[in-house]
Amino acid sequence: MGTNTNSHQGHNQVELKYHRRKHAEEMKQQVISFLFMIVLTLASFAAVIYREHMDAYFTVPFILLLAVVQLIFQLYYFMHMKNKGHSTTSFFLYSGLTVAIITLLTFLTLIWL
């Protein structure tokens, strides 16, 4: 019984080290993605500040593209959508996004025709 307790404690130590390493790696990914999102935000601010020097047909789509990229990073890294067990949430999110895009394209087609 004494060796079983030591074996159990050794298993807990290994498990603890594994979880610490996993959490450290996840924290590293979150910090990197946070810094990347700060860069994206600064790029969009720069596009607005220097809009006199750029064409409006470039500035608006550029800012929208940066917003979409930032949304993806928010969902996958900060909302943990990349982890297992989020398939139902992902399904409803992507279904809603698909309906929204189809609706937007439909209205744009009706307006421009």
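1. The radius of gyration is taken here over C-alpha atoms, and the globule rule that goes with it is 2.2 Å times the number of residues to the power 0.38. By that rule a compact globule of 113 residues would come out near 13 Å, but this protein has a radius of gyration of 23 Å. Along its principal axes, the C-alpha trace spans about 80 × 35 × 10 Å.

2. A word on the basis of these values: this is a predicted model, in which local features need pLDDT of at least 70 and side-chain atom pairs count only at pLDDT 80 or more, while totals for chains, interfaces and linings use all residues. Residues are numbered from 1 along each chain as its sequence is written, and side-chain values use heavy atoms, with hydrogens and water left out.

3. Helices (H or I, at least four residues) and strands (E, at least two) are DSSP runs, numbered from the N terminus.

4. Helix H2 has 23 residues and reaches 32 Å from its first C-alpha to its last, close to the 33 Å expected at 1.5 Å a residue; the expected span is 1.5 Å times one less than the number of residues. Just after H2, His 80 takes a positive phi of about 60°.

5. Buried residues make up 10% of the 113 residues in the protein, where buried means under 20% relative accessible area, exposed over 50% and partly exposed in between (1.4 Å probe, protein chains only). In H2, Thr 59, Leu 66 and Leu 75 are buried. Tyr 57 is also found in helix H2, but at 71% relative accessibility Tyr 57 counts as exposed. The C-alpha atoms of Tyr 57 and Arg 20, which are 37 residues apart along the chain, are separated by 48 Å.

6. The structure holds three aromatic pairs, a pair being rings of Phe, Tyr or Trp (its six-membered ring) with centres within 6.5 Å, called stacked if the planes are under 30 degrees apart, edge-to-face if over 60 and tilted for the rest. One of them joins Phe 36 and Phe 73, whose ring centres are 4.9 Å apart with planes at 45°, so the pair is tilted. Phe 36 lies in helix H1 (residues 2-49) and Phe 73 in helix H2, so this pair ties together parts that are 37 residues apart in sequence. Phe 36 is partly exposed at 36% relative accessibility, and Phe 73 is partly exposed at 21%.

7. Among the aromatic pairs there is also Phe 58 with Phe 62, whose ring centres are 5.2 Å apart and whose planes stand at 20°, so the pair is stacked. Both residues lie in helix H2, four residues apart, about one turn of the helix. Phe 58 is partly exposed, with a relative accessible area of 43%, and Phe 62 is partly exposed at 25%.

8. The largest pocket has a volume of about 340 Å³. On a 1 Å grid over the protein atoms alone, a pocket is an open set of points where a 1.4 Å probe fits, with protein on both sides within 12 Å along at least five of seven lines, and lining residues have an atom within 4 Å of a point. Grid points are joined across faces, edges and corners, and the volume is the space filled by probe spheres set on the points.

9. Which residues line the largest pocket? Among them are Leu 64, Val 68, Ile 72, Tyr 94 and Leu 104. The elements that give two or more residues to this lining are helix H2 (56-78) and helix H3 (87-112), and the largest share, six residues, comes from H2.
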